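Colleague: Could you walk me through this one, starting with the sheet?

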Amino acid sequence: MQNLTYDLLQKIEAAAEKIYQALKLAFGYDPEYYQVNATDFRGYVDLAYYRRLQSELVKQEYTWVGDIGEMNAAELMQRHDNTRTFIRAMINPTHNTSVAFYHLRPRGFLGFLAELKVFDCETEFRPEKYLVTTNAGKTPFDPPPGFDVVYLPPGTAYRTVLKTHYQRLQKAILTWNLSPTPLYNLDDVLAMQKRMQQAKNNYRKRIGYITEEELNRFRVDPEIAREVMYRLRRNFEFDSHY
């Protein structure tokens with residue numbers, strides 16, 4: 001693009017920065033998980049939501065294995081957005097699915113997201129083959145190959161998420177002819193999470209971090225889309241975390 005006006009440059013920089021931060025939050029780091037104290041998040045999340053779901057799942061013989069945060073995502077959200085959250089991780093009674101839930105009140109650069117109370121089910125069949133069911137709603141980014149993901153609408157009841165996942169799980173076991181990775185404790189869950197995140201990060205690198213179709217989902221003005229794409233890729237090439 002030649003002869004950029006000041007206004008166009010401003011639009012390009014704003015769009016590129018917004019999408020860059022969203023990409024970086026989702027795919028910009030190798031995960032560094034740590035355990036947290038839920039009471040430290042009072043005022044940022046609905047702690048009653050966590051307690052209620054945990055209580056209901058324990059009655060169904062799910063096992064609570066820990067409350068966790070991710071170091072890099074937490075730092076990025078706090079620095080740019082004053083947003084804090086944590087994930088409560090549990091394992092299902094048959095020890096083949098990780099169940100996690102969290103509350104997110106996004107602000108600032110995460111403003112394209114709505115407030116979310118998310119419930120996820122994740123099953124690993126082998127490295128880079130995963131079954132995921134979530135009520136987080138569809139994100140602007142596509143999952144990598146090997147990820148079979150169903151995005152249920154935000155607000156979908158957790159029982160519906162579980163029912164949907166277990167129906168899909170039964171079918172996957174039969175059609176894929178594979179056994180799920182067994183999960184017994186927090187270390188098992190975090191190891192799976194790290195494998196999942198690494199697969200996502202590697203995929204992002206292979207495709208140049210974002211596709212044109214994904215960029216369109218951010219409703220970038222077609223006049224500046226190519227320049228925004230260029231700047232996004234340039235930013236990641238110079239990012240020390242990559």
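Modeller: Strand β6, residues 129-134, is mostly covered, with six of its six residues buried (buried being under 20% relative accessible area with a 1.4 Å probe, protein chains only; strands being DSSP E runs of at least two residues, numbered from the N terminus). This is a predicted model, where local features need pLDDT of at least 70, side-chain atom pairs count only at pLDDT 80 or more, and totals for chains, interfaces and linings use all residues. Residues are numbered from 1 along each chain as its sequence is written, and side-chain values use heavy atoms, leaving out hydrogens and water.

Colleague: In the hairpin of β5 and β6, which residue takes a positive phi?

Modeller: Strand β5 (residues 116-126) runs antiparallel to β6, joined by six bridges (strands pair if DSSP finds at least two bridges between them). R126 has K129 as its bridge partner. Two residues lie between the strands, and the one with phi near 75 degrees is E128.

Colleague: What is the bridge partner of Y130 in β7?

Modeller: Strand β7 (residues 147-151) runs parallel to β6, with five bridges joining them. The partner of Y130 there is F147.

Colleague: Which are the edge strands?

Modeller: The sheet is open, with mixed pairing and the order β1-β2-β3-β4-β5-β6-β7. Pairing on one side only are β1 (33-35) and β7.

How values were computed: Buried means under 20% relative accessible area, exposed over 50%, partly exposed in between (1.4 Å probe, protein chains only). Helices (H or I, at least four residues) and strands (E, at least two) are DSSP runs, numbered from the N terminus.
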